[in-house]
Amino acid sequence: MASILVINDDPVQLHLLASWLEKDYFAVSRFVCSEEAWRWLQKGNVPDVIVLDLHMPGISGWRFCELLHSLFGSTQAVPPVLAVSATYTGIDAQDILKDLGAAAFLALPTDPQRFRQQVRQLVECPPSPQCPHIWMVSSDHSAIQRIHHIFVERGWRVVEWQAGKQVQVAVNRVHPDIILIDDPLPDMTSEEFGVWCKGQYPQAMCIVLGHESMGRRSLPLGIHVDAYLPKACDPLNIISLCEKGRWERAFSRVEHLLDIRTDDLRESEAQFKELFETLPDILVIYDHQGIITHVNILGAQQLGYRPAVLIGNAFSLIKPEPIDAESGLTKPTLSYEGRKWEEAFLRQKNGTSLSVEMMERTVQFQGQRQTLFIARDLTARKHMEEENIALEHQLRQVQKMEAIGRLASGVAHDMNNTLTAIMAHASLLKIQQKASAPLWTAGDVIEKAVRRGKELTSQLLGYARQGKHHHVTVNTHEVIQEVIALLGRTIHKMITFRADLSATRPHVVGDPNQLYQILMNLGVNACDAMGERGELQVQTVNETVTPEYASRIPGLCAGDYVLIRVTDTGTGMSLETQRHIFEPFFTTKEQGQGTGMGLAMVYGIVKNHHGYIGVTSSPGDGTTMRVYLPEAHCATLKTKSIQRTEPSHGTGHILVVDDEKDVGEAAQAILEYLGYQVTVVLNGQEAVDICQDLTIPVDVVLLDMVMPEMSGAACFEELRMIRPDLKVILCTGYDRNHAVQNLFNQGVIGFIQKPYDVDELAHACQVVLKHDSRVEPCSTGITC
């Protein structure tokens, strides 16, 4: 949800503007005092858009714009500012705001739809920062080169001219903010050129760089030059002078506008008063004695009164003061001076209570400080929320029942798309660093985690279609160390880890990714149970289970095992909870915090590995999970040393077609690093349009399989009709299935499965470009 900061010293305008934005479900922070809004920003709050009134006491809107640049300018982008004003209108105000860095301007009163549309546009498409323009007029480029570079570094847009007449005859000139004249000019004097500049661009500041003696001479009347500076002056002083000049010119024009807009302000205030009367919320103003001095028409009607009946009565008539339970006396009503809405009840004329959300603010009304009470009827909203809660509960139950059947397709594809962008950038990070560098290590950790994620999506597909999983010899100690390393980077720093890996024969036979999933689930559950502080201990031992011992534990068979104990110092579990922890969808976490599938999957994986899982726990004493996995009687696994090889670079034009922007950009980053020219399009029709232009060479198409509007298969058919010899590599987050094989039969030349890294994509493109014959996909999913 986007956040909007609204600052307006008129509480009626403030409420009206904020109400319009809240209809679009923006999170609105409202301030009637600009100083308080400034302190709110200084605390680190960064809104997406600022709606700022220009004419305010204290820090005016103009000054606020200047302060924003000092607060954000050096560290991050200034939030877009939508300036609003009932005092300043017209082209002059917009020009000044451009100088001050505001993104947009609206004169009040304005149409609600136009105002909401303007804010939505600033949220969805924030404008690029306004870059001031400077002209440098000099016949000697080398003399001003240093000044040129410094202005560019500060974000200025610099245009160089070699002579005054060259400027005068140029067309489509962008109006400059500053004109820097390097005296002497080859074709006219600097004074003559300054006169022309001031006539054409009266708002621009003209500075002449000349000899030392020029700065001491007095300027004759009619010579329109703002400043003379010696050629040897510090360029930073020039920038300081230019920026100061821009602000001073803007503020001088503000005072002029203030006098012009006084009559407009009076008219606008009358219009806003009319809006106040017809606003659908309940708006009440009462004095320090609690007597109602004003109420809007529609608000009074909601309470069952006419405005004339309420005015002059006590505010307690509609908002009774609370009763103290002990003394039986009424408590004094507190003024809600905050900016948060509070829920309350108002008393209607018929005696019933009306549920509202309310806010109170001190305002200046009829020459004295009074309290503005704003309330909004919550009856319809509460009824809708109750219906939504009931519907959400029903929907969650339906989704739970449908989840397993939909995991195989949706999760695998979408997750692999997401992992592709991560894998691509992680592999690029590694290949650009030395193996001993911290960034290489970070990229390696990310890449390993992505490969785990890829295997997990394959497991979901395998589970859904009863597919086969890997059965290889696995060193449990290596898996444990990898899990601990990853948890150490992600969980709370006050949780400590202790590993006691005492098993002399740590190997088991199974799927390494499923074993990783077992330990990761147990580790995450243990950390969740401990909260922010505790100790997680992982132990391994070799244990022989005798037939006698196995007979006392249902599900455990006699034999030699690697026993893994995961012990935490968390809250523990009751016996009743322990009876259900391995059931699907059973969870003790708060709603929305857990799916109830973690331990159920762990239980299924352990059983598939012919093992056993047990639990020992009691409330307040922590938990120990015991995992028995059959010991593998085999030699120690052979390990591969890390070998960094430079991927194959190439040349040619590759067209990337993928509806996921992140995936397309990831592929583009890899391919451009490898030396290819890359074009990325987000749908099949754009790819067809490009290929129809036979003047554009396309050597290879990297084509996504699943896209909206035009699928990968339909796009391939169109491409083959246009360019029969076009080489296409199919790229998808699914496994190679019948649909992929059909496209191979029709002429697809290669296949690569998401997610992929630099080496895989480089190899696929190299082989396709070097061979004219079809390239069959290998077992890893890349072409070979």
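Reply: Let's begin where strand S4 (residues 81-85) runs parallel to S5, joined to S5 by four bridges. One of the pairings sets Ala83 against Phe105, its bridge partner in S5. Strands here are DSSP runs of E with at least two residues, helices are runs of H or I with at least four, and both are numbered from the N terminus; two strands pair if DSSP finds at least two bridges between them. Please keep in mind that this is a predicted model, where local features need pLDDT of at least 70 and side-chain atom pairs count only at pLDDT 80 or more, while totals for chains, interfaces and linings use all residues. Residues are numbered from 1 along each chain as its sequence is written, and side-chain values use heavy atoms, with hydrogens and water left out.

Stepping back, S4 and S5 belong to an open sheet of five strands, ordered S2-S1-S3-S4-S5 with parallel pairing. At its edges are strand S2 (27-31) and strand S5 (104-107), each of which pairs on one side only. On average, neighbouring strands of this sheet are turned by 20° against each other, direction ignored; axes are lines fitted to C-alpha atoms, for helices over the stretch in contact, and angles run from 0 to 180 degrees between N-to-C directions. Against this sheet packs helix H1 (residues 11-22), which touches strand S1 (3-7), S2, strand S3 (49-53) and S4, contact meaning heavy atoms within 4.5 Å. The direction of H1 makes about 175° with that of S2.

H1 also sits on the path between two of these strands. S1 and S2 run parallel and are joined by five bridges, and Ser3 stands opposite Ala27 in S2. From S1 the chain passes through H1 to S2, a β-α-β crossover that is right-handed, meaning that with the strands pointing away from the viewer, the path from the first strand over the helix to the second runs clockwise. In the loop between H1 and S2 you will find Tyr25. Tyr25 is not a glycine, yet its phi is positive, near 65°. Most residues other than glycine have a negative phi, and most peptide bonds are trans.

For contrast, here is another sheet. It is open as well, with five strands in the order S17-S19-S20-S22-S21 and mixed pairing. Its edge strands are strand S17 (495-501) and strand S21 (612-617), each pairing on one side only. Neighbours in this sheet are turned by 15° against each other on average, direction ignored. Strand S19 (residues 534-545) and strand S20 (residues 559-568) run antiparallel, with 10 bridges between them, and Glu543 stands opposite Tyr561 in S20. Helix H15 (residues 476-490) packs on this sheet and touches S17, S19 and S20; its direction makes about 170° with that of S17. H16 packs on the sheet too, touching S17, S19, S20, S21 and strand S22 (623-630), and its direction makes about 140° with that of S19.

H16 has a helical partner besides. Helix H16 (residues 512-530) packs with helix H19 (residues 598-608) at an angle of about 145°, their axes 9 Å apart. Among the residues that meet are Gln514, Ile518 and Leu522 in H16, and Gly598, Leu599 and Met601 in H19. Sorted by class, this contact has seven nonpolar, five polar and no charged residues, where Ala, Val, Leu, Ile, Met, Phe, Trp, Tyr, Cys and Pro count as nonpolar, Asp, Glu, Lys and Arg as charged, and the others, Gly among them, as polar. After H16 comes Gly531, with a positive phi near 75°.

Finally, two peptide bonds deserve a mention. The one joining Asp183 and Pro184 is cis, with omega about 0°, and Pro184 lies in the loop between strand S8 (178-182) and helix H8 (190-200). From Lys754 to Pro755 the bond is cis as well, with omega near -5°; Pro755 is in the loop between strand S27 (750-753) and helix H24 (758-770).
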